[in-house]
Amino acid sequence: MARLLRGVCAVGFRGRLLGPELPCCRAFSSGGWDPGRAESRRPSALAWAAGAAAVLTGLGLARRAEMARQQSQPREEADGGGKDELARRFECFMAPPVSGMRELRSRRGEMRSRMEMLIMETQGQVCRALAQLDRGAAFTVDRWERKEGGGGISCVLQNGEIFEKAGVNVSVVFGHLSEEAVQQMRSRGKTLKTKDGKLPFCAMGVSSVIHPKNPYVPTIHFNYRYFEIEEADGTKLWWFGGGTDLTPTYLNEEDAVHFHKTLKEACDQHNPELYPKFKKWCDDYFYIKHRGERRGIGGIFFDDLDWPSKEEAFQFVQSCAKAIVPCYVPIVKKHCHDPFTPEEKLWQQIRRGRYVEFNLVYDRGTKFGLATPGSRIESILMSLPLTARWEYMHSPPENSREAKILEVLRQPKDWVH
């Protein structure tokens, strides 16, 4: 369902006004929108420090003691609660939330509201971090609506100095699942009880793919989502899914260790068995069968996470989301100005072709989205690079740096032991 949460069944449109003066499709660099007069949704030049603080906040992983204290109470209460605290968190968003601030306030203790707050904050943290790295680059903020219920916010940067294409999307959708979606879930072992063939659902998530220009800066993908279904007898089923994975063009072992250790630290806060389990799941999922190689050097991936409890699962997802900026931004800073040759750029383009092959041939979220009538194609295909290349029978020389990355893609490594 990853691409469902990037706009499946969505009817998108650009140019609709968010308020008297705020267009839904606009440019964003390191500023933001002002929720101080949130109900009228008027634009304002936010203090740059608020955006920077949001990024710095995302750089820290929660301590085990703090996580335990939050287990029994919603994050809003743990942080101080009240409208003032919510307003402070709204300032970090790239746009007004999909559900509306009044609705989020009225049900702020419910998981669907807490998850929407988390994905909106994650979108803001990542976009601000990227905009600060790629000085002068601007995100286009594209708000869309789904006629069946809900909508989303797509933030896309193209042709920057550092990033060729970077997209960070949020979706919050609800309504009734299609029969195809129900069948897909049943194929994963879920026993779903429909009423008159209908199954009410609510789904939300944040999803991103970042393609840099420099071949020495890797591509990163992340997606974190929450799904809630109400069966015919009123029973509510829920689960979380997601992950973060890295796709380098050239292998830098120091970067690979940093990336995996950062994700492992986020997992270990909750259970030391999670990282090895979800690392293997990632290696197995992002596998290009017809090439006999993985899409990248992995990371973590999980789906249908409904244990040990809803609160503990949410806290785990929250830790993973907070790890995105610290696992990736230091690598970008390290290599974004590395010199490279036309031949190295060519190899990057060929590797991007492999990325496209996986997403269009194997990724179940992309396939589901493209097969669903009314899908928002622009959001679904945001994951594809701006440029890619396919050369007939291309094979790198033996013992070359290009051949070295292929060895790791064919035989995954343990990067943290």
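User: Which residue forms a salt bridge with Asp 245?

Analyst: This is a predicted model, in which local features need pLDDT of at least 70 and side-chain atom pairs count only at pLDDT 80 or more, while totals for chains, interfaces and linings use all residues. Residues are numbered from 1 along each chain as its sequence is written, and side-chain values use heavy atoms, with hydrogens and water left out. A salt bridge is a side-chain nitrogen of Lys or Arg within 4 Å of a carboxyl oxygen of Asp or Glu. For Asp 245, with the closest N and O atoms 2.9 Å apart, the partner is Arg 295.

User: How many residues apart are Asp 245 and Arg 295?

Analyst: Asp 245 sits in strand β7 (residues 236-247), whereas Arg 295 is in the loop between β9 (293-294) and β10 (298-305); helices (H or I, at least four residues) and strands (E, at least two) are DSSP runs, numbered from the N terminus. The pair therefore links distant parts of the chain, and Asp 245 counts as buried because its relative accessibility is 3%, buried meaning under 20% relative accessible area, exposed over 50% and partly exposed in between (1.4 Å probe, protein chains only).

Analyst: The side chains of Arg 291 and Glu 357 meet at 2.7 Å, N to O. Arg 291 lies in the loop between β8 (287-288) and β9, and Glu 357 in helix α12 (residues 342-361), 66 residues away. Arg 291 is partly exposed, with a relative accessible area of 33%, whereas Glu 357, at 10% relative accessibility, counts as buried.

User: How many salt bridges does a search of the whole structure find?

Analyst: Among them is the pair of Glu 391 and Arg 389, whose closest N and O atoms are 2.9 Å apart. Glu 164, Lys 345 and Arg 352 are linked in a network of salt bridges. For the whole structure, the search finds 21.

User: What does the side chain of Thr 366 reach?

Analyst: Thr 366 is found in helix α13 (residues 364-371). At 1% relative accessibility, Thr 366 counts as buried. At 3.5 Å, its side chain reaches the backbone oxygen of Asn 359.

User: What accessible area do Leu 360, Val 361, Leu 370 and Ile 377 have together?

Analyst: Ile 377, in helix α14 (residues 377-380), is partly exposed, with a relative accessible area of 38%. Leu 360, Val 361, Leu 370 and Ile 377 form a nonpolar patch on the surface; patches are made of residues with over 30% relative accessible area and no salt bridge, with like charges joined within 9 Å and nonpolar side chains (Val, Leu, Ile, Met, Phe, Trp, Tyr) within 5 Å. By the Shrake-Rupley method with a 1.4 Å probe, where for residues only the protein chains shown count as cover, their accessible area together is about 300 Å².

Terms used: A polar contact is a pair of N or O atoms within 3.5 Å; within protein, one must be able to donate a hydrogen and the other to accept it, and residues adjacent in sequence count only if both atoms are side-chain atoms.
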